[in-house]
Amino acid sequence: MSGPALLFEHASYAYQGAALESLSDIELSVAEGEWIGVTGPTNAGKSTLCLLGMGLAPHFFGGRLKGRVTVFGRDSLAVGVVERSAEVGMLFQNPFTQVSGARDRVDEEVAFGPECHGIGRMEVAERVAEALALVGLEGLAARHPSDLSGGQLQRLALAGLLAMRPRLLLLDEPTSQLDPAGTAAIFDVLASLHGRGVTIVMVEHRLERLSENCRRVIAMVSGRLLADGPPEEVFNRLSVIERVGEPVYTGLARDAGLPQPWPVTLAGAVVAFGTRRA
Amino acid sequence: MAGGLSLYAEGESLLHRAHPLTKGALTVSAVALAFILPSWTWVLGLAFLLLALIVAAGVLRRLAAVAVVILGPITLLLLAVQGFANPANHTVAFALGPVVYYREGLAVAALAALRIGCLVGATFLFSFTTKPADITEALLQRGLSPRMGYVLLSALQIIPQTLEMATRIQDAQRARGLETEGSLLRRARAYMPLMLPLVLSSLVATEERAMALEVRGFGLAVARVSRIDFKDGLFQRTLRWGLLLLVPVAIVLRLARRW
Amino acid sequence: MRAVRFAYPGAGDIYPEPGISLTLSSGVTALVGENGAGKTTLTKLLNGLLRPASGSVIVAGQEVADASVAKMARLVGYAFQNPDDQLFERTVAAEVAFGPRVLGRPPEQRATDVARAMQLCGLAGREHVHPHDLGLAERKWVAIASALATDAPVLVLDEPTLGQDFASRHRLRTLVERLAAEDRLVLVVTHDMDFVGEACPTTVVLTHGTVRHAGPTDVGFKRPEMIREAGLEPPHVTSLARELGLPPTVSAEGFLAEL
């Protein structure tokens, strides 16, 4: 078993021309195969964390990086974004600007990434079929990307990344512009990817979904780590609840006067309240 | 929303299946010759050749529609200007009171219109029978930079998207009370609130697109693998060169013999 | 609104016969339903961006068909889902003041309305910040403040909770409650069922252009088949209540009361 997938060592980062740092002294180690949830108020540095993992910070945005960011053992400063793209993928909030715009068909769109990597045609076809199946878009393979809904486009963008067979996926609020059906579809795909051993770092505001799916949650505030641990532990801390928020179930248990640890998922809440009423 | 800007019409004709660069050479050659060929007979010959190709490609109706819209006004304008005002006019064709229409001008105008007709016919024939993705791929295979190729192709999808954005912005600003119709002053006042969100959103979108492209490895310095196998061969390659060579040959002939 | 039937060109009937009949009174009303069910059409009928094919739409006593969009902007403040469709001024304060300025409010009143709107939207102290120096979530608040500053009796918020953090959603709830207390109608188009349960006493459920429910929110969520057919998920608290065999309350308060 090799080292961590993503490692931040005393990492601090400030964007070009910014007076304040967006991230301060981050110590974080993400092992391969983990599915980590990242949450926190607006401007906590969550997106910046992902951008650093992808290398867009500092390579695309400039800015000052202190400390070290290492991805699969390679220092972030030494590897550019395009070189990293074979191992790491990043999904953004806006489904519409992740389509290349240079392909007329969904399957050709998915092939775009592997083609950029010079992969041969037979293998590209294989990867495209695999990626489309993973996200459930096989039926739309011949469609023009502009015919797709926001949720479908986000899945298409994800398929485009999966065709490169990344070991690490960074997701910056991937479902925040989607409706519940679109959100559910994305989480289903992520769950199956997790099952296949892909490392996932996901920024998400929906704390109930986060707690259900991630064995580890990181809460960030003002560029620093406030908490790092299992959701049951993180969301039972008052400092987190006050500054970051909590799943609905946790708040209900607290207001009902239940003893800690307060539940963070539906299943946990059923048990906690069931016991109470028994 | 329609699938991007494209005039491509589905089909299986010889022209559809020809290599994009062959069609490109045909178009370039036809357009150049339309203006180099000296007289009626030659240009008419070219026009008939193009017409035959258009029929063979099955795009006659589409092209007729385009021709009416584009050629109609131009032809009328030419006929009017030349017929009434050409300095070499002296033979009367007909007269309506004080207004006199001359034969020489008519001939000049008609030939000019025919040349323009060949231009329109050749370029639209190309557009109707060639997918933008195919011509771009053909150029990329010949060494066009991937960035240029991307810019060409993405414009076809991004332009309609931008137009859609413009409509949304107009709706949003009208909903705030902005008047967009009416006096010139009103429209001038509406310029910034309509233009700026469009520009700003486009800039933001461009940055997001650029990031997404890098994340997929666009720009990686690897040997290019061709996406499409075009049917090509000695015949088409010879044809391409032949077609292109017709142009300098025609130029020389015209200059030398005062054709 | 009396019977409204609107046919959107090229997309078939959005609202099938006999059309939508709906009466909305002051307070906070959620408008929910799958994408394509007709929610956006409804809100655009309110400010005249869309006109019904038959029937009438009356807002605060004004028949929408008799008024231009700009005129309706006095009665209906609209915060669009994508704030970048509206933002163009160089500072937050100027942006928020745009609505009242365009509607011709006197400067002193404008200043008060802008300050109040910014305060309610958590933007106090950021008057001189350039909106594009703020993140997307905060830009949404600028758009909401801008709609708020017009002091219109009806306010439409299109997906205000998307991408918002915990504190923001709480601020939104406080805001709509305050507006309801001022006897305004706040129409919130949203997919966030928790927000609907907590902050919207009335809900309108649209499925394929038909109103399946228009009334108290808790009554609506007592019909699980309707909720499912509408493609909706119940609020988390409702799911918990069901699992525990309690009556399906939609808010934390209701749940705790039932315990």
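Predicted model: local features only at pLDDT ≥ 70, side-chain atom pairs only at ≥ 80, totals over all residues.
Helix α9 of chain B spans residues 234–257, and its axis lies 9 Å from that of α2(B), at an angle of about 15°. Angles under 35 degrees count as roughly parallel, and α2(B) and α9(B) are therefore roughly parallel to each other. On the α2(B) side, the residues that meet α9(B) include Leu21(B), Ala25(B), Ser29(B), Leu33(B) and Ile36(B). Among their counterparts in α9(B) are Gln236(B), Leu243(B), Val247(B), Ile251(B) and Arg254(B). By class, this contact comprises 14 nonpolar, three polar and two charged residues.

Helix α2(B), residues 20–36, also packs with helix α3(B), residues 40–57; the two axes come within 9 Å and cross at roughly 155°. Since angles over 145 degrees count as roughly antiparallel, α2(B) and α3(B) are therefore roughly antiparallel to each other. The crossing of α2(B) with α3(B) is left-handed. Ala30(B), Leu33(B) and Ala34(B) of α2(B) make this contact with Val43(B), Leu46(B) and Leu50(B) of α3(B). These residues divide into six nonpolar, no polar and no charged.

Between the chains, 27 residues of chain B are in contact with 29 residues of chain A. On the side of chain B that touches chain A, the elements giving two or more residues are α7(B), residues 146–174, and α8(B), residues 184–215. Helix α8(B) gives the most, with eight residues. By class, this side of chain B has 15 nonpolar, six polar and six charged residues.

Notes: Residues numbered from 1 in each chain as written. Chains lettered and ligands numbered in written order. Axes fitted to C-alpha atoms, helices over the stretch in contact; angles between N-to-C directions. Helix = DSSP H or I, 4+ residues; strand = E, 2+ residues; numbered from the N terminus. Parallel < 35°, antiparallel > 145°, perpendicular 65-115°, else oblique. Left-handed = near helix turned anticlockwise from the far one by under 90°. Contact = placed C-beta atoms within 7 Å. Nonpolar A, V, L, I, M, F, W, Y, C, P; charged D, E, K, R; others polar.
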